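Here is a short tour to read alongside the model. Keep the viewer open, and follow the chains as they come up.

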Amino acid sequence: MGIANESGIGERALIERAKRGDEGSFEALVMSCRKKAWNIALQYMRDENDAMDALQEAFIRIFRGLGKFKGDCRFDTWVYRITVNICKDMLKKNEKFRLHDSLYLEGDDGEYLRDIPWAGPRPDEALERKELADELLECMRLLPQDHREVIILRDIQGFSYEEISELLAASLGTVKSRINRARANLRRIWLEQKCGGGV
Amino acid sequence: MAAMGCETASGLLSPYMDGALEAGQARELEGHIASCESCGREYAQLSAMAAVLGGIPEAPLSPEIERRLKLSIAGEAAALRRERRRRLWRRAGSIAAVFAVGLISFLVYNNGDMGRDSASGPAYLESLTSGSGAGGGYAAGQAGEAADESAGVAASEKASAADSGHAASLPADGAEAAAAEAAGAGTADESAGAADSGREGPLPEADANEGAGMEPEASYALSDGSYEADGSYEADGYTARDAAEAPARDAAEALAPSAEPAAPAYVAPRPDVLTRQEYRDVTRGTTGGAQRLSKKDVEKLGYDSMLEEKLEGWEYETLSEEWRGDDMVYRVRLVRNAAGVAFDCEVEIVGSGGSIAVLYATEFMGF
């Protein structure tokens, strides 16, 4: 399965056209993956403006680097890989630990996660999940960067182990063990925050 | 089979949740979870965490974000087009410069050089011999003199070359070298190379061996000689007019009509031996315009272009560029490749012999 635009032109053809500077072809190429790329950037950067900067930079890098795309991985995987790398670079450069980020909004009772519609059979169930998500996202800030990113990629974005291995240029074994440790770490932090340390 | 311990089970919970365990191992773990309260509780908490995180809805891409993305891509596409045009012009400029230098050198060298073509040389010499009625020595002397002419030999040496004995000795060097030179001066590059080498090579010979067996290198870009009927070179008061009138002066100058000073506007003000600096000034002047390119300038343009092509897509910084002998050496800091992988390391890129090579690169860089 590849990317095809409305006139049925395959991914290969779109890539060739985009390499020659055809913006329309490039847009068609990235159409299917830009939302996910945006969400990856958002989760990494925890700030809408920073995420926008990262995404812009990533897309420019992708556009310029089309000539180097060898087709040895899926195109969208390549897009996400560049997005992840850009985010990591920006985080490293900024080195800021945000206490407040734009994913959270000020409310009467304090901060709460930006009002993104939650799916759920019942409103109270949705609210409960949302509150729990808020807690977990808060706890994730305390994770080391490499643990945080595997949680983002695996649990939030739903990438497979193999896809994560490609995105991070890490071996499958490394990815498995890192996810295992990251989840265990997140659980520990969450329980400490929630229960004051009792597991 | 020993029962699975809690430590082992704890390490398998995560891959079990993701369906990454083998069937046998998964069954064993399930058995342990069912029987161990602590591991069971841990599994439940991990599963709940993953489920909640997985349920976070995707943030939509707002129209504003879409618009900004489109604008940045459009801007980048325009910048890329400009870059490509600039590279194209730079390459065209360097090629044109090399070609211009070579062409002019070639034309000047071949000006008055009818006898030098290896195919027609012997026939031409034959015709000179029969036409003039002079002996073979005279015709050979003419060929030698013609060779010397395009080499811009000093007047005094020409005067001595009029001596039949000396003239006879010249062709052995002159005609041979002329034929070899004609054969080698086919391409603009070769001509440019000869022109270039003329700055370094034959000129010293000219300096050292004035008038004696001058090799008629294509590098000498001037001086139509004025030949007397006896083959001697008229040095005194040589002017452009003399050059124009040369064909009428000597029957042996059948070479002259087609050796009209077609290309170079330059006319030798005096038949002195050119110093190297004068030669450079002359050739630079004949390239025209404000572009005064030395051989190394032209080569550097070429290497600059090759470097840009080599590093296309990379984010890099050129730290230094210098000539080391005949090699153009660039120190470059590679920041990031096209795929966004950061390297942040230095390499040396060496331009030599018409190609470039990247030194100190790792295999991951893809060079």
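The model is a predicted one, in which local features need pLDDT of at least 70, side-chain atom pairs count only at pLDDT 80 or more, and totals for chains, interfaces and linings use all residues. Residues are numbered from 1 along each chain as its sequence is written, while chains are lettered from A and ligands numbered from 1 in the order in which they are written.

Chain B contains 13 helices and four strands; these are DSSP runs numbered from the N terminus, with helices (H or I) of at least four residues and strands (E) of at least two.

| Strand pair in chain B | Sense | Bridges | Residues between strands | Turn residue and phi |
|---|---|---|---|---|
| Strand 2 and strand 3 (342-352) | antiparallel | eight bridges | five residues | B:Gly340, positive, about 90 degrees |

Now to where the chains meet. In all, 42 residues of chain A are in contact with 35 residues of chain B; contact means C-beta atoms, placed from the backbone, within 7 Å. Helix 4 of chain A gives the most to the side of chain A that touches chain B, with eight residues. By class, that side of chain A has 22 nonpolar, eight polar and twelve charged residues.

What about the interior? A nonpolar core here is a set of buried Ala, Val, Leu, Ile, Met, Phe, Trp, Tyr and Cys residues joined through C-beta atoms within 7 Å. The largest has 67 residues, and those touching the most other members include A:Phe59, A:Leu55 and B:Leu53. Helix 4 of chain A supplies the largest share of this core, nine residues. Leaving aside neighbours within four places in sequence, A:Phe59 is in contact with A:Val30, B:Leu69, B:Ser72 and B:Ile73. A second, separate core has ten residues, among them B:Leu307, B:Met328, B:Tyr330 and B:Ile356.

Technical notes
Contact = placed C-beta atoms within 7 Å. Nonpolar A, V, L, I, M, F, W, Y, C, P; charged D, E, K, R; others polar. Pairing = 2+ DSSP bridges. Buried ≥ 20, exposed ≤ 12 C-beta atoms within 10 Å, placed from the backbone.
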